[in-house]
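Q: I've just opened this one and would like to go through it with you. Could you pick a starting point?

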Amino acid sequence: MRHIKYLPVVLILLFIFSAGSVIAQKTKLTATVDQDGVQRVEILAGEYFFNPDYIIVKVNMPVEIKIKKEPGIVPHDFVIKAPEAGMDIAESLSTEPKTIQFIPTKTGKYPFYCDKKLLLSKSHREKGMEGTIEVLE
C-alpha cells in the first residue's frame, strides 16, 4: 500500500519524459509552390520548438513563411542569419500570425532559431528551438 502513494509522482515523471521525446521529433516539410510562384510554409513556434523544423525550398523563388507562437508568456523570435543567401531575418513572434518574405539566392542548408534567453538559463536555441532551411536547385 505504501507504494501507491508514489504512483502520481511516477505518472507525472513518465508524462514529462514522454512529452519531451515527442517535442524532440523532427518534422520535415517541402514548401508548396502556389500558382503565383510563391513558396508558402506555415510554422508554429512553441515551448522550445518549431514545427516544422526542417523546411525545403527552391533557390531564386520567393518564400513566404507565416509563423506564430503558441499562447504563453515566454517570448520567442525567428532568426536566420545568412545574408550571403538572401536571408537576414530577425522577427519577434506573437500569437498573431506574422508573414516573413524572402528570396533564397544560394543553395545550401541554413539554420533558423530563437535567440531569446531567460536570465540564468540556457538560450532557447540551446534548449532545441532551432531548425534548418534547405535550399535546393
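A: Let's start at Y48, which counts as buried because its relative accessibility is 16%, where buried means under 20% relative accessible area, exposed over 50% and partly exposed in between, using a 1.4 Å probe and protein chains only. Y48 lies in the loop between strand 3 and strand 4, with strands being DSSP runs of E with at least two residues, numbered from the N terminus.

Q: Before we go on, what kind of model is this?
A: This is a predicted model, in which local features need pLDDT of at least 70 and side-chain atom pairs count only at pLDDT 80 or more, while totals for chains, interfaces and linings use all residues. Residues are numbered from 1 along each chain as its sequence is written, and side-chain values use heavy atoms, with hydrogens and water left out.

Q: ok, and what's the phi of Y48?
A: The phi of Y48 is near 70 degrees, which is a positive value in a residue other than glycine. Most residues other than glycine have a negative phi, and most peptide bonds are trans.

Q: Is N60 buried or exposed?
A: N60 counts as exposed, because its relative accessibility is 52%. N60 sits in the loop between strand 5 and strand 6, and the phi of N60 is also positive, near 60 degrees.

Q: And which residues does the cis peptide bond join?
A: The cis peptide bond joins N51 and P52, with omega at about 5 degrees, and P52 lies in the loop between strand 4 (49–51) and strand 5.

Q: Switching topic, what does the side chain of H76 reach?
A: The side chain of H76 reaches the backbone oxygen of G46 at 3.2 Å, and H76 also has a side-chain polar contact of 3.1 Å with H124. A polar contact is a pair of N or O atoms within 3.5 Å; within protein, one must be able to donate a hydrogen and the other to accept it, and residues adjacent in sequence count only if both atoms are side-chain atoms.

Q: Where are those two histidines, H76 and H124?
A: H76 is in the loop between strand 6 and strand 7, whereas H124 is in the loop between strand 10 and strand 11. H76 is buried, with a relative accessible area of 5%, and H124 counts as buried at 1% relative accessibility.

Q: Which residues are in contact with H124?
A: Leaving aside neighbours within four places in sequence, H124 is in contact with residues including Y48, H76, C114 and M129, where contact means heavy atoms within 4.5 Å.

Q: Now the aromatics: how many pairs turn up in the whole structure?
A: A search of the whole structure finds 3 aromatic pairs, and rings of Phe, Tyr and Trp (its six-membered ring) pair if their centres lie within 6.5 Å, with planes under 30 degrees apart counted as stacked, over 60 as edge-to-face and the rest as tilted. One of them is F50 with F78, edge-to-face at 5.9 Å centre to centre and 85 degrees between the planes. F50 lies in strand 4 and F78 in strand 7, so this pair ties together parts that are 28 residues apart in sequence.

Q: And what about F50 with F112?
A: The ring centres of F50 and F112 are 5.3 Å apart and their planes are at 70 degrees, so that pair is edge-to-face. F50, F78 and F112 form one aromatic cluster.

Note on methods
Helices (H or I, at least four residues) and strands (E, at least two) are DSSP runs, numbered from the N terminus.
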